[in-house]
Amino acid sequence: MELDTVLALARRRGGGLVNVGHGRDPRSTAAAEAFVAAWPGTVCAVVSWPPEAASWLRQACRFAGGSPDLWVIADDAASWAGMGRRLVAQPQWRPGRTIAFSGLADPALPGLVGDIDGLSGAGSDGSSWSFFDGGLRWSGIHSGVSTVEGRWS
């Protein structure tokens with residue numbers, strides 16, 4: 001269900017050319033590989049990053065580069081925090097053109113990395129979420145109801 005939702009969100013955003021990035025843990029790697037195998041468009045780059053690094057600059061430049069239509073991320077919030085801070089500083093990366101798997105659906109994420117308004121993704125149950133105005137908003141699968149968690153300023 002989660003992969004189906006990520007694919008649907010990517011199609012709705014008009015993605016054709018995507019860059020895929022992931023943490024190096026088994027779950028994130030498997031999610032990224034599943035997306036790459038299922039994506040009908042072109043995957044320009046697949047970039048992995050460690051949870052700890054001196055700066056993540058090389059990975060961030062490679063992931064943000066190439067002018068893709070979309071970026072897709074598979075990682076968890078704690079492992080992505082350093083990479084996320086580096087991406088926020090990359091002028092070509094746009095959180096509003098980025099779709100993530102459930103690991104980034106953490107209301108504390110904006111406080112860890114900075115402004116990620118527009119970043120959206122899939123919950124493990126197939127629901128969807130996005131960051132808007134510093135808060136995490138969830139949309140249920142059938143209800144269409146949105147909830148907001150964890151505002152920060």
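Is D133 buried, partly exposed or exposed? D133 is partly exposed, because its relative accessible area is 47%, and the scale here calls a residue buried under 20%, exposed over 50% and partly exposed in between (1.4 Å probe, protein chains only). Before going further, note that this is a predicted model, in which local features need pLDDT of at least 70 and side-chain atom pairs count only at pLDDT 80 or more, while totals for chains, interfaces and linings use all residues. Residues are numbered from 1 along each chain as its sequence is written, and side-chain values use heavy atoms, with hydrogens and water left out.

Back to D133, which sits in the loop between β6 and β7 (135-139). Helices (H or I, at least four residues) and strands (E, at least two) are DSSP runs, numbered from the N terminus. The phi of D133 is positive, near 55°, even though D133 isn't a glycine. Most residues other than glycine have a negative phi. W56 also has a positive phi, near 65°, and you'll find W56 in the loop between β2 (42-49) and α3 (57-64). W56 counts as buried, because its relative accessibility is 10%. A glycine with a positive phi turns up too: G14, near 80°, follows α1.

Now have a look at helix α2, which runs over residues 26-38. Its 13 residues reach 18 Å from the first C-alpha to the last, close to the 18 Å expected at 1.5 Å a residue (the expected span is 1.5 Å times one less than the number of residues). S28, T29, A31, A32 and F35 are the buried ones in α2. Seen down the axis of α2, these buried residues fall within an arc of 165°, so they line one face of the helix; the arc is that of the directions from the helix axis to the C-beta atoms. On the other side of α2, P26, R27, E33 and A37 are exposed.

What do the buried residues of α2 pack against? They pack against α1 (2-12), β1 (17-23) and β3 (70-74), where contact means heavy atoms within 4.5 Å. Helix α1 has its own buried residues: E2, T5, V6, L7, A8, L9 and A10. Those pack against α2, β3, β4 (98-100), β5 (120-122) and β6 (128-132).

The structure holds one salt bridge, meaning a side-chain nitrogen of Lys or Arg within 4 Å of a carboxyl oxygen of Asp or Glu. Here the side chains of R27 and E2 meet, at 3.6 Å from N to O. This pair links distant parts of the chain, with R27 in helix α2 and E2 in helix α1, 25 residues apart. R27 counts as exposed because its relative accessibility is 54%, whereas E2, at 14%, counts as buried.

Then there's D75, in the loop between β3 and α4 (77-88). D75 is buried yet has no salt bridge, and the nearest side chain of opposite charge, R27, is 8.4 Å away. (Lys and Arg count as positive and Asp and Glu as negative; His and the chain ends are not counted.) The side chain of D75 does have a polar contact of 2.6 Å with the side chain of W49. A polar contact is a pair of N or O atoms within 3.5 Å; within protein, one must be able to donate a hydrogen and the other to accept it, and residues adjacent in sequence count only if both atoms are side-chain atoms. Leaving aside neighbours within four places in sequence, the residues in contact with D75 include G23, S28, W80 and L104.
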